[in-house]
Amino acid sequence: MDYNALIAFFDEYNAHFRSFLKFEYSKMDMLNKGNIEELSASLSTEQAFIMKSNSLEKQRLALLGDNSSKTFEQIVSEAPEEYKSRLDEQRTSLSEMVYKIKEINDTANIIVSERLKKIRSTVGELDTYNDRGAVKKESTAGSTILTNA
């Protein structure tokens with residue numbers, strides 16, 4: 001295995017995930033601020049990050065060849081002494097970033113889910129008017145507008 005090439009690759013891989021993590025923080029900020037337009041516009045950027053991740057993963061598999069099924073930890077433990085420290089730094093850094101991205105996405109999913117519940121409960125009753133012009137509450141459960149939305 002070419003450990004110099006592996007180290008160079010994981011430098012690029014980690015740089016990509018650092019950028020991806022920075023993007024995820026900005027996306028969470030948009031979500032927290034309720035900036036739906038900007039969040040929606042960021043989807044193409046997110047798609048580019050995902051496509052780049054897939055491309056890098058293919059490169060990683062090609063670089064590792066017969067060792068592609070090994071975990072990063074196994075690769076570090078089997079590496080010659082002069083490469084172990086650097087590879088372990090890269091492994092730790094990558095692991096922390098991937099964990100943080102997952103944590104941010106899990107938190108975002110909870111926030112969105114709670115906001116949707118709130119919207120559903122708020123929209124659960126509509127003020128309508130009866131034939132005498134008086135306000136009456138009507139459930140949206142039978143509403144064709146919300147059912148078809």
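A: Let's start with a term we'll need: a residue is buried with under 20% relative accessible area, exposed with over 50%, and partly exposed in between (1.4 Å probe, protein chains only). Keep in mind that this is a predicted model, where local features need pLDDT of at least 70, side-chain atom pairs count only at pLDDT 80 or more, and totals for chains, interfaces and linings use all residues. Residues are numbered from 1 along each chain as its sequence is written, and side-chain values use heavy atoms, with hydrogens and water left out.

Now the pairs. Side chains of opposite charge can pair when their charged atoms come close. The rule used here calls it a salt bridge when a side-chain nitrogen of Lys or Arg is within 4 Å of a carboxyl oxygen of Asp or Glu. By that rule, the count is 13 salt bridges.

Take K52 and E12, whose side chains meet in a salt bridge at 3.6 Å, N to O. K52 sits in helix α3 (residues 43-64) and E12 in helix α1 (residues 3-33), so this pair ties together parts that are 40 residues apart in sequence. Helices, by the way, are DSSP runs (H or I, at least four residues), numbered from the N terminus. K52 counts as partly exposed, at 37% relative accessibility, and E12 also counts as partly exposed, at 35%.

Next up is E46 with K27, a salt bridge whose closest N and O atoms are 2.6 Å apart. E46 is in helix α3 and K27 in helix α1, so the pair ties together parts that are 19 residues apart in sequence. E46 counts as buried, with 16% relative accessibility, and K27 counts as buried too, with 13%.

Over in helix α5, the side chains of E89 and R86 form a salt bridge, at 3.3 Å from N to O. These two are three residues apart in that helix, which means about one helical turn separates them. E89 is partly exposed, with a relative accessible area of 46%, and R86 is partly exposed as well, at 33% relative accessibility.
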